[in-house]
Every structure is written in structure tokens, then in C-alpha cells.
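Student: I am new to this one. Can we go through it step by step?

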Amino acid sequence: MPQTKDTNRRWVLAERPKGEPNDDTLRLETAEVPEPKDGEVLLRTEFLSLDPYMRGRMSDAPSYAAPVEIDQVMVGGTVARVAASKNDNFAEGDRVVSFSGWQDYAVSDGTGLIKLDANMPEPSWALGVLGMPGFTAWAGLTQIGQPKEGETLVVAGATGPVGATVGQIGKILGLRVVGVAGGAEKCAHAVDTLGFDACVDHKSDSFAEDLARETPDGIDIYFENVGGKVLDAVIPQLNSNARVPVCGLISQYNATALPEGPDRMNWLMGLILRKRITMRGFIIFDDFGHLYQDFAREVGPWVQEGRIKYREEMIDGLEQAPEAFVGLLRGEAFGKRVIRVA
């Protein structure tokens, strides 16, 4: 189904998933294209970002943001064109970063819209390396990781949009960078293309031993995107005064119960105490939004100069979004996963 001028396709939350989202979780609806009022703009979605945080918004469990309500449009960052404007700050044809969600059209009063350069060669990158994921990588590493030249950085989800950027910034800042990724192809990409010093396959039966071998001097910074067995293998390797920015725990997002096995919380807390480990979670715009311009000034030139490489996985068609999202949660994505809506 191509995008049209007179129909608004939209994915709404039909029910709250138990475990992995399925065919009953989201419902595709069609509606009339909304009309902007005075002070508003009509946005036509071009690109939709798929991100792990969306799984949390499907749940009504306590979190840092309100859940999506049943029968409401699924949330998501977008790159959109201004299709009509009754707002003096935006003209028809302007391209913006917005939070329009999983739909063709949305109305905005302009709050939170970021106008993009009309000549930006890859506008979808504003949803990736030059947008929220890139900002998350830079802020988590520099503000919480506090990197010092010569230290060892381990990055989980090493070929994802956040992890790949973390590792490359780490190399620019003089760190030894070890990635963790799923499969030989992703690990080869991390080393051969992204310039990591090493990458360990978490699907290997000898993963914990392989990680220990690649971090003979221990781990000074662990950028956490995954949780689960990756975290289990990392913890014994953490050095005294290690820093752990906690960005995500994608391996746990579909969990419906605590993992089996003994309760190791006291062991972990004892390790944090004895080794004086700093472990801090963060929500990028809540905690570091005031640093966005610093990020843009520093990282933008690195991208333009090719010092930071970026891989995007473009999927055509809004109707493909639910399946592509489930694949993202399963670890099937290779790079930043984006839906081309228009």
C-alpha cells in the first residue's frame, strides 16, 4: 500500500503483549488525513525509526514514560515533510524530525520539531547516527563512561546504531574497544569496518572465555545495551572504578518473569562496593538534553569526515513495521532499522 494524499494509515496498539509482540498486538487502521488548525502544521511521514524502547511503551508497567494507550497510535520518531502549515515558523515543504509515530500523517503545534537542512544528503540519518541513537552513544560514553586514553571499553550490541557509534567514538578518544555482537558477520563488520580492536560473538558456546581472553587487562567501561548472559560474562572482568552506562537491556524486554537460578543481587552489590563500580542508567533527553548542541558540534564533523561510519537497514512500507520491530527485538537487525514510509 503506497502512501496517498487523502488517507492516513496508522498502526494502533490493540492489546498489551505478554512476552514478544504478535499479530494481535497492533492493528492497522485507515482514517482521514487530519486538518491543521491555526498555529499547527500537517506532517507527512517519510521515515519511521524503530527502536527497542518501543516495547516498553506497549506495556503499562511503571516506567520513565507513559505507556501507549489501547487504540492509540504507536509512538515513534520520524522524519517528516510539512504538507500544510498554519504556523509562521514552518513552511510547506520543510523537512523536520518529529515524534509522529507509526502513521502517514500527524498534526503538530511545532513543539519539539527540529528543522533539518534542506540539503541534508541522508535525512533518515537524523533518526540514527545524527539523532537520538548517536546522541545516546556520545552522552552515555562521555558523561557516564568518563573515558581515559588507554582504557578498555566493551560495547554490547556492537553493530547496532548506538553500540557502533559508542565504539567508534571510543577509538577516536584513544580507547581499546571490544565489541559484543551476534554472529561472525556482525563481528567482522565491527572489526573490519568500524575499526574495533576485537569483537566477541555472544552466540558462541565459549563466549565468556572468549571475552576474558580479549580483555586481559580487565574492563574499565562497559556500555550496556543487552543484559542477560552478556552482562553475566562482563561483570567478573570489571576493573576497580569501572563505569557502566546502562542504556538498555534488550534481551529482557519480552521477559514475563525473573530468570531462573540463584539470586545474585547481593553478590553484585558486594562487587560494586568492593570495586567501587559506577553503574548508572540514563534517559537521554531527560538527563542530557541540554548537551545536544555539544553532541552535534563534536560528532557531526566526525560523521562528515568518515571517522564515524554508519550502517542503515532501510525497510520499505509502513505495513512492514510490526514484523521489522519484532525482528529488532530478536537481534535480527544489522545496523539502524528504519521504515521508509513514503
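Predicted model: local features only at pLDDT ≥ 70, side-chain atom pairs only at ≥ 80, totals over all residues.

Student: How far apart are the centres of domain 1 and domain 2?

Tutor: Domain 1 covers 7-127 + 311-340, and domain 2 covers 132-285. Such bounds come from an automatic or database domain assignment. Taken over C-alpha atoms, the separation of the two centres is 29 Å.

Student: How much area do domain 1 and domain 2 bury between them?

Tutor: The contact (heavy atoms within 4.5 Å) takes 20 residues from domain 1 and twelve residues from domain 2. Buried area is the accessible area (1.4 Å probe) that two parts lose on being put together, summed over both. Of this area, 65% is on carbon and sulfur atoms. The total is about 1300 Å².

Student: Which residues in domain 1 lose the most area to domain 2?

Tutor: Three residues together give 36% of what the domain 1 side buries. They are Tyr64, Leu329 and Phe334.

Student: Is threonine 136 buried or exposed?

Tutor: Threonine 136 sits in helix 2, residues 132-145. Helices (H or I, at least four residues) and strands (E, at least two) are DSSP runs, numbered from the N terminus. Buried means under 20% relative accessible area, exposed over 50%, partly exposed in between (1.4 Å probe, protein chains only). At a relative accessible area of 4%, threonine 136 is buried.

Student: Which residues does threonine 136 touch, not counting residues up to four places away in sequence?

Tutor: Sequence neighbours up to four places away are set aside here. That leaves Val162, Phe223, Cys247, Phe282 and Ile284.

Student: How do the axes of helix 2 and helix 9 cross?

Tutor: Axes are lines fitted to C-alpha atoms, for helices over the stretch in contact, and angles run from 0 to 180 degrees between N-to-C directions. The axes of helix 2 and helix 9 (residues 292-304) come within 10 Å and cross at roughly 95 degrees. Angles under 35 degrees count as roughly parallel, over 145 as roughly antiparallel, 65 to 115 as roughly perpendicular and the rest as oblique. So helix 2 is roughly perpendicular to helix 9.

Student: Which residues in helix 9 meet helix 2?

Tutor: Helix 2 brings Gly134, Phe135 and Trp138 to this meeting. From helix 9 come Tyr292, Asp294, Phe295, Glu298 and Val299.

Student: What phi does glutamine 146 have?

Tutor: Most residues other than glycine have a negative phi. Glutamine 146 lies in the loop between helix 2 and strand 8 (152-156), and is partly exposed at 40% relative accessible area. It is not a glycine, yet its phi is positive, about 45 degrees.

Student: Where does asparagine 241 lie?

Tutor: Asparagine 241 also has a positive phi, about 65 degrees, although it is not a glycine. Its relative accessible area is 41%, so it is partly exposed. Its place is strand 12, residues 238-246.

Student: Which residue with a positive phi follows helix 7?

Tutor: Helix 7 (residues 265-275) has buried residues, Leu268, Gly270, Leu271 and Ile272. Their cover includes strand 13 (278-281). After helix 7 comes a residue with phi near 55 degrees, arginine 276.

Key. Residues numbered from 1 in each chain as written. Heavy atoms only, no water.
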